[in-house]
Amino acid sequence: SKDALDRVGTELMDLREDSKTKNTFFSVTYPFSFGNLKHNFNLNMNSLTNEDQLATERRNDYFYQRSDSKTISIALSSKFEIPLRTVINFSRTSIQVPVQDEENIISFNELTWTSFNSNGRYSFWGNKLKVSAGLSYLSNKGTTPISLYGFNAGTEVNIIKRMKAVLTGHLQMRSTDDETTLNTSGLLFSFRYNF
């Protein structure tokens, strides 16, 4: 909405805004079987780019603050002949953040997040008892590198019709260049009743 220069004292300031954002999204889902195994493969790709429509009218040292990003995610869910289901996810997101130093030199700082998750669930006695477990990993590379490693497990028991007892727990470790410490942990026990 701003299309004119602002005057602060005797100096003109360029606070105009006219950006064009291009959002490109691609997704594929492919179900397939391999022997007695049934799989579902999913791929998502997303790109977000910003373009300053006033670039030719601005000064060479103008700082355009919009960030661009790219994301890719892959998921594979599998159903086995035995009562076992598994899900594996991988995703990577990178953001190009513009920065300007004291000498007005503009560069880009790339922040990258990479994550990996895997979960499995096994059912006993006609789904009366379900046991699950999973692993997770999250890594951030940029100005402050950090990694998170996690483990979760749980069980769900049908006590009577429509009533379940659920026990879940998780443990997550935090790792930096200097040390590895316990980040979070938890244990949850609950009863559920479906009316």
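This note goes through the strand pairing and then the aromatic contacts of a predicted model.

1. Basis. Residues are numbered from 1 along each chain as its sequence is written, and side-chain values use heavy atoms, with hydrogens and water left out. Because the model is predicted, local features need pLDDT of at least 70 and side-chain atom pairs count only at pLDDT 80 or more, while totals for chains, interfaces and linings use all residues.

2. The sheet. Nine strands form an open sheet in the order β3-β4-β5-β6-β7-β8-β9-β10-β11, with antiparallel pairing. At the edges are β3 (19–34) and β11 (180–193), each of which pairs on one side only. On average, neighbouring strands of this sheet are turned by 10 degrees against each other, direction ignored. Strands here are DSSP runs (E, at least two residues), numbered from the N terminus, and two of them pair if DSSP finds at least two bridges between them. Axes are lines fitted to C-alpha atoms, and angles run from 0 to 180 degrees between N-to-C directions.

3. β4 to β5. Strand β4 (residues 37–52) pairs with strand β5 (residues 68–79) in the antiparallel sense over 11 bridges. S47 stands opposite K70 in β5.

4. Strand β6 (residues 84–100) runs antiparallel to β5, joined by 12 bridges, and S69 stands opposite I95 in β6. β5 and β6 form a hairpin with four residues between them. On to strand β7 (residues 106–124), β6 has 17 bridges, again antiparallel; the bridge partner of I88 is S118 in β7.

5. Aromatic pairs. Rings of Phe, Tyr and Trp (its six-membered ring) pair if their centres lie within 6.5 Å; planes under 30 degrees apart count as stacked, over 60 as edge-to-face and the rest as tilted. The count by this rule is six aromatic pairs. One of them is the tilted pair of Y122 and F124, at 4.8 Å centre to centre and 55 degrees between the planes. Y122 is partly exposed at 27% relative accessible area, and F124 is partly exposed at 33%. Buried means under 20%, exposed over 50% and partly exposed in between (1.4 Å probe, protein chains only). Ring pairs link Y122, F124 and W125 into a cluster.

6. Y137 and Y149. These rings have their centres 5.3 Å apart and their planes at 45 degrees, so the pair is tilted. Y137 lies in strand β8 (residues 129–141) and Y149 in strand β9 (residues 146–160), so the pair ties together parts that are 12 residues apart in sequence.

7. A charge over a ring. The charged end of R58 sits over the ring of Y62, 4.0 Å from its centre. The rule asks for NZ of Lys or CZ of Arg within 6 Å of the ring centre and within 35 degrees of the ring normal.
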